[in-house]
Amino acid sequence: MLLQRRPRAKHHGGLWEFPGGKVEDGESPAAALARELGEELGIVVDQADLVPMTFAVDDVRQGGGPGTGQRALVLMLYLCRRWQGIPVAMEGVEDGAALEWVALADMKEWAISAKMPPLDIALCITFQKMLLA
Ligand SMILES: Nc1nc2c([nH]c(=O)n2[C@@H]2O[C@H](COP(=O)(O)OP(=O)(O)OP(=O)(O)O)[C@@H](O)[C@H]2O)c(=O)[nH]1
């Protein structure tokens, strides 16, 4: 599994997450992921090679609720086993961004000991359970 460390200056700065990002208006989730992987890792991914795995939801975000403009956050995890190019951190390297390959068997320990945002921890644990159960 490839994890990336967020630049220090960003929300959740310095924490390790799955590469990806927000879906833009008019975009499908798979198209958004393929675009983000190009921008963040410099690789070319065919949407047909993105397989949906699981998701994690934060529906009680701090300060959220009706009238606050805060919406629920859903993180979708896709498996990608084929791409063109070699992943490198393309953005925010001067501010601490980095990449690390982690073995599936080590993901749970990584989620607990390394610093990850809450939904990425949930994705790690669920995904490892799905594949190793
Ligand atoms: N990966 C992750 N992101 C989370 C969690 N909770 C949460 O509020 N977020 C926020 O959700 C957003 C994820 O989108 P992103 O990766 O495209 O964010 P970004 O700051 O790089 O934005 P940008 O690429 O639009 O500049 C970030 O603002 C991030 O801080 C979480 O548990 N995991």
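A nonpolar core, as the term is used here, is a set of buried Ala, Val, Leu, Ile, Met, Phe, Trp, Tyr and Cys residues joined through C-beta atoms within 7 Å. The structure described in this report is a predicted model.

## The nonpolar core

The largest nonpolar core has 20 residues, and the members that touch the most others are L33, A34, L50, L123 and C124. Five elements each supply at least two residues of this core: the helices α1 (29–41), α2 (107–113) and α3 (118–132), together with the strands β3 (50–58) and β4 (73–80). The largest share, five residues, is the contribution of α1.

Apart from its neighbours within four places in sequence, C124 is in contact with M107, K108, W110, A111 and M116.

## Overall form of the chain

The protein chain contains three helices and five strands. Read from the N terminus, its elements follow the order β-β-α-β-β-β-α-α.

The C-alpha trace of the protein chain spans about 45 × 35 × 35 Å along its principal axes. For 133 residues, a compact globule would have a radius of gyration near 14 Å; the protein chain has 15 Å, and the value therefore agrees with that of such a globule. Buried residues account for 19% of the 133 residues of the protein chain. Among contacts between residues at least 6 apart in sequence, 57% join residues at least 24 apart.

Strands of a sheet pair through backbone hydrogen bonds, and the pairing may be parallel or antiparallel. In this model, three strands form an open sheet in the order β2-β1-β5, with antiparallel pairing. The edge strands, each pairing on one side only, are β2 (16–17) and β5 (98–101).

Strand β1, which covers residues 2–5, pairs with β5 in the antiparallel sense over four bridges. Within this pairing, L2 has W101 of β5 as its bridge partner, and L3 stands opposite E100 in β5. The antiparallel pairing of β1 with β2 runs over two bridges. Here R5 stands opposite W16 in β2.

## The surroundings of the ligand

Around the ligand there are 13 residues, of which H11, E17, G21, P117 and L119 come nearest. By residue class, the shell around the ligand divides into five nonpolar, three polar and five charged residues. Both β4 and α3 supply at least two residues of this shell. The largest share of the shell, three residues, comes from α3.

| Residue | C-beta neighbours within 10 Å | Class |
|---|---|---|
| H12 | 14 neighbours | partly exposed |
| V88 | 11 neighbours | exposed |

H12 is found in the loop between β1 and β2. Although H12 is not a glycine, it has a positive phi of about 60°. H12 counts as partly exposed because its 14 C-beta neighbours inside 10 Å fall between the limit of 12 or fewer for an exposed residue and that of 20 or more for a buried one.

V23 lies in the loop between β2 and α1. With residues up to four places away in sequence left aside, V23 is in contact with P29 and A32. V23 and A34 are 11 residues apart in sequence, and their C-alpha atoms are 11 Å apart in space. A34 is one of the core residues that touch the most other members.

V88 belongs to the loop between β4 and β5. V88 counts as exposed because it has 11 C-beta neighbours inside 10 Å, and 12 or fewer is the limit for that class. Not counting residues up to four places away in sequence, V88 touches L41 and G42. V88 and F18 are 70 residues apart in sequence, whereas their C-alpha atoms are 14 Å apart in space.

Definitions and conventions. Residues numbered from 1 in each chain as written. Predicted model: local features only at pLDDT ≥ 70, side-chain atom pairs only at ≥ 80, totals over all residues. Pairing = 2+ DSSP bridges. Contact = placed C-beta atoms within 7 Å. Near = placed C-beta within 6 Å. Nonpolar A, V, L, I, M, F, W, Y, C, P; charged D, E, K, R; others polar. Rg over C-alpha atoms; globule rule 2.2 N^0.38 Å.
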